[in-house]
Amino acid sequence: MLSVRSVTKKYGDLVALNDVTLDIKPGEFFGLLGPNGAGKSTLMSLAAGLKTPDSGEVLIGGKSYATSSDENRRQVGFVPQTVALYEDLSAEQNLKIFGQLYGLGSAELKARIEEVLGAARLLDRRNDKVKTFSGGMQRRLNIAATLLHRPKILLCDEPTVGVDPQSRNAIFDHLQELNRGGVTIIYSTHYMEEAERLCSRIGIIDHGKILALGTLDVLVAQLPFEEEISFAQNPQTDRLRAELASLGQVQSADGITRFRPKVGVPLSQFYQLAEAQRIAPRAFTHNRPTLEALFLHLTGRNLRD
Amino acid sequence: MHPSLVLAKKSLLLFFGKRPAVLITFIVPIALIYLFGQVFGLNKKAGDSGPTGISLAVVNQSSDPGAQKIIDALRAEKTFSVITERKGPNGTNVPLTEEDARSAIRNNAYHFALVIPPDLISDTQFGLHLRLLSDPRNEIESQMVNGILQKTLFSSVPNLLMHSLNKRAEQEIGSQKFENFRHKLAGNIAQNFGGDPQGIYDRLSAGDFWHDHFGESTGAAKKSASAGEAANKGAGAAAANTPTEDEPVKNGAGDVLSKLIRFDQEQLVGKDVSNPMAARLVGGYAVMFLLFALNGAASSLFDERRSGILQRILSAPVRPADILWGRFLFGVLVGLIQLMVMFFAGKVIYGLDLAPHIVPLIVLSIAAAAACTAFGMLLAAVSKSQEAANGLSTLLVLAMSAIGGAWFPVSMMPAAIQKVAHFTIVYWAVEGFTNILWAGQTVRQILPNILVLVGIAVGVMFIATASFKRNKMFE
């Protein structure tokens, strides 16, 4: 559906993408996970035809932008990172403008506006100016404006930045519904929770390179540990923390300590140490290893550093 | 540190961190002060200020030697650039005729022509006769030309009046009696004030004795060597009443002289315009505000880029050229509407007569709006940010408006600035609008203005498009 072949993109001396190759299959909900400045937005811009690669090529349905620019653009919908709408115009006026840019006829456009406004739950606000909308409503309309021409691929460049949790959930539901309807979605984010929740396959990107690629299970399996035990930091657990260092990886942040035992270290050994410190089992939480842990493992840095 | 000081320091940090803000606050006013100084000639030496080089055609139909003296006096006046000849059919210069001057004024080649008629000095009447043909399209310029013309004529006219008086006296009392009178007068002057009686007689006969002494106080004529010191003193009282540069017509001598000079004025252009000043005022200010408005519209591209709208548009089957031409079209339409609204306001407020000129007004407005829009696009293309575009726009729009004649006639500016004016959109637009509203010119007649503006629009849009491509506005 979308192929990125050996793409390199530089801004002066800065290498934003370094020989990236990626294939997205039809119907996938693909997550592009990485910290700020990793190269996510550049990759999304190249996929949307907004930028041209210095080397390599981006293919949509096997066709490159160089030869099939308009055709490719009609298959792709791009949701920018910001709310890219005319805030002094109404929701419907905005949708009309963006629909007409894709050459939709008036009858079809009218029907599509009804559909996307309904899906975004904004039908009753269609005549209100965008600037009167809440942040969540603006974000939903931002996506709706991209769906008017029925794109086969939806490129979402961090569409939930600055969105409240409730609106974020609404956006997730909407995107999952679209994906179920057959739309291929490529979703860039620096929130691992979003990638874990939404994406069937994830690519971890940093410094312009894809570091890991696969389903969540495949990615997590790359970690040298299978469990993560977290507990609150306090004087009682401080001594335990010191003793755990020889059994695995210990990381403390925000008052929480995360212990990732080495492969082969039995959990009973951990609990023996805890018992020796008179810490009750209820003080511990078992977690499945996360993408955050994988990123840390791959780069030595946290995703939000 | 007190919170007020902390906050003041913060504001200073932010302010000096924004180069466009600093540019607007300091550099733009300094540039404008310098520019207006150039326009008003403020950097010239004392006594050398004021406008220079206003074209004044002079048609000499008189055989009297006094006519040449008038032309010489006008040539000595820095305000005027005196034209007495035109190119003939074989490339040689031929003297201007009245018809040449009338035609040139109607074609806006210049706005004033002084005709020195055959009866400049009549045998039968005391006084002088002159005629002024004019196109007073610029009221300030017309007032200035009239004032300086009077001053120049008054300073050279006394000897001509004496010449006229001699002729009239000879006619009335006979040449023998009048000759005797001159001999007696010369003798009395020499006896009481010193000097050579024959020399004084000769100058009295030529009619330029008095002029030399009037001229002493104005500095317009050279000091008489033959009349002697005493005669100079005697003429001093009369010289005190001679018009000066500061007060050309207020004093008594000016009043008397103005009654002795028959100065017929004929307006060749704009006779039917009810409010002459408004024709230029409305055109000038309309173009200036058009430039401001369209620059703002063009620089809003930065807003669209910042908000991501540009990305959204470009992800559709839309080319950067579509965006630029869409904006250009918008600018032309808004500009046309804005100009029409301003001219309508001119009609309501000043009674401008628009109905007979509506077609040329619309055509020129479209050309002017196109040029102004293209200019705004170029500023947006060469600026790194909206703030920078706005700063540059303030500087250039004010400068172009001042130089191009939106505020006052170009003809009043120094010659060098007048040449620069031809490189501004404002000049071609304002001249075109004035030609339509004041001189009633048709589309065909203002075609040069239209072509220049359209040429500017096309050329500047071409450069703007290339600049947008180079600065990657659409990436």
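**Note on the two-chain model**

1. Chain B holds 19 helices and seven strands. The model is predicted. Of the 475 residues of chain B, 39% count as buried. Contacts in chain B with a separation of 6 or more are 75% from residues 24 or more positions apart.

2. Next, the interface. Chain A supplies 16 residues to the contact and chain B supplies 12 residues. On the side of chain B that touches chain A, helix α13 (residues 309–315) of chain B gives the most, with six residues. By class, that side of chain B has six nonpolar, four polar and two charged residues.

3. Now a helix pair in chain B. Helix α14 (residues 320–350) of chain B packs with α19(B) at an angle of about 140°. Their axes are 11 Å apart. Angles over 145 degrees would count as roughly antiparallel, and the angle here makes α14(B) oblique to α19(B). The crossing of α14(B) past α19(B) is right-handed.

4. Which residues meet where α14(B) and α19(B) touch? From α14(B) come B:Pro320, B:Ala321, B:Leu324 and B:Phe328. From α19(B) come B:Met461, B:Thr465 and B:Phe468. The residues of this contact divide into six nonpolar, one polar and no charged.

5. One residue of helix α19 (residues 447–470) of chain B is B:Ile456. Is B:Ile456 buried or exposed? The cut-off for buried is 20 or more other C-beta atoms within 10 Å. B:Ile456 has 22, so B:Ile456 is buried. Setting aside neighbours within four places in sequence, B:Ile456 is in contact with B:Ala371, B:Ala374 and B:Ile425. B:Gln386 is 70 residues from B:Ile456 along the chain, and their C-alpha atoms are separated by 23 Å.

6. Turning to chain A, four strands form an open sheet there. The order is β12-β13-β11-β14, and the pairing is antiparallel. The edges are β12 (248–253) and β14 (285–287) of chain A. Each has a single partner strand, so one side of each is left without a neighbour in the sheet. Neighbouring strands of this sheet are turned by 25° against each other on average, direction ignored.

7. A closer look at one pairing in that sheet. Strand β11 (residues 228–232) of chain A pairs with β14(A) in the antiparallel sense, over three bridges. Which residue of β14(A) is the bridge partner of A:Ile229? The bridge partner is A:His286. Strands of a sheet pair through backbone hydrogen bonds, either parallel or antiparallel.

Note on methods
Residues are numbered from 1 along each chain as its sequence is written. Chains are lettered from A and ligands numbered from 1 in the order in which they are written. This is a predicted model: local features need pLDDT of at least 70, side-chain atom pairs count only at pLDDT 80 or more; totals for chains, interfaces and linings use all residues. Two residues are in contact if their C-beta atoms, placed from the backbone, lie within 7 Å. Helices (H or I, at least four residues) and strands (E, at least two) are DSSP runs, numbered from the N terminus. Ala, Val, Leu, Ile, Met, Phe, Trp, Tyr, Cys and Pro count as nonpolar, Asp, Glu, Lys and Arg as charged, and the others, Gly among them, as polar. A residue is buried if 20 or more other C-beta atoms lie within 10 Å of its own, exposed if 12 or fewer, and partly exposed in between; C-beta atoms are placed from the backbone. Axes are lines fitted to C-alpha atoms, for helices over the stretch in contact, and angles run from 0 to 180 degrees between N-to-C directions. Angles under 35 degrees count as roughly parallel, over 145 as roughly antiparallel, 65 to 115 as roughly perpendicular and the rest as oblique. A crossing is left-handed if the near helix is turned anticlockwise from the far one by less than a right angle, and right-handed if clockwise. Two strands pair if DSSP finds at least two bridges between them.
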